[in-house]
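My entries follow in the order in which I looked things up.

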Amino acid sequence: MPTRARVLTVGLVAVATIGTGCAHRTVAGQTVYKTVTQTPTPSTSAVAPSTPATSSTAKPRPSHTRPPKPRFTRLAATCRDSMRLTAVERAIRDKLPGTTAYSIGRGDPTIGRLMYINCKYGVSRAKGPSIEVSVSLYRSVGAAADRVVGTSQDFTAHGATSSGTKVAGRNATLLLGANMLAYGPTVVVHAGLRTVAVTLRPGTTNPTPTLRAVAALAVNRTGRLT
């Protein structure tokens, strides 16, 4: 086969460089070389930059803030000064035989209670108190309201009947007829940051007037907070 002379196109030189290839086409009587520049296509198998793994030992950020300090932390009233036996006897217009017991209770952060006072009147060793009064202080009005609801649910779960009444102009709940000795006739009142609960000895006849009178006394005499 005859050998044809190869003539380089003027001004074009085939140079082998990175990313550059050569192509040619045949024209009658000559071979023309043309430089073709190619842009490399990124490989799909290229490894993407890895994201640094989060350390499993990193401490999680707290999801809540500490609740603010309550404005009031103590009941200024005490059983001995504000709820004397003589005041209770005047309220119910009757004498209470037996002894009297007073105590101050600590708070319970699980229910938002800061403290409480407990007053027992007409206490006998065999039968316990004739009247028991508990006044509790909570860190918020909502926490106090929740405790009234919780007490009502506890009593009704033990057979008590719940009904509404009024104590010192406030809505209150009467809880009567529970089927256990620990759940005597009771009235509970929500008074702002406080709750007042008055319980009588099981078996007390006509308990409602006594419950309302003693609860009104407690509401009115334990309202000062510090």
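Predicted model: local features only at pLDDT ≥ 70, side-chain atom pairs only at ≥ 80, totals over all residues.

I began with helix 2, and I noted that the cover over its buried residues includes strand 4, strand 5 (131-138) and helix 4 (207-221). Helices (H or I, at least four residues) and strands (E, at least two) are DSSP runs, numbered from the N terminus. The buried residues of helix 2 (residues 85-92) are Ala 87, Val 88, Glu 89 and Ile 92, where buried means under 20% relative accessible area, with a 1.4 Å probe and protein chains only.

Residues are numbered from 1 along each chain as its sequence is written, and side-chain values use heavy atoms, with hydrogens and water left out.

Next I looked at the whole protein chain, which has four helices and nine strands, and I read their order from the N terminus as β-β-α-α-β-β-β-α-β-β-β-β-α. Of its 226 residues, 29% are buried.

Then I searched the whole structure for disulfides (pairs of cysteine sulfur atoms within 2.5 Å) and found one. It joins Cys 79 and Cys 119, with the sulfur atoms 1.9 Å apart. Distant parts of the chain are linked by this pair, since Cys 79 lies in helix 1 (residues 79-82) and Cys 119 in strand 4 (residues 113-123), 40 residues apart. Is the disulfide left-handed or right-handed? I noted that the torsion about the S-S bond of Cys 79 and Cys 119 is about -80°, so the disulfide is left-handed. Both cysteines, Cys 79 and Cys 119, are buried.

Last, I turned to the pockets: on a 1 Å grid over the protein atoms alone, a pocket is an open set of points where a 1.4 Å probe fits, with protein on both sides within 12 Å along at least five of seven lines, and lining residues have an atom within 4 Å of a point. The largest pocket has a volume of about 480 Å³, the volume being the space filled by probe spheres set on the points, which are joined across faces, edges and corners. Its lining has 21 residues, and Ser 134, Thr 151, Phe 155, Val 188 and Ala 197 lie nearest the centre. Helix 3 gives the largest share of this lining, six residues.

Technical notes
Buried < 20%, exposed > 50% of the residue type's maximum accessible area, 1.4 Å probe, protein only. Contact = heavy atoms within 4.5 Å.
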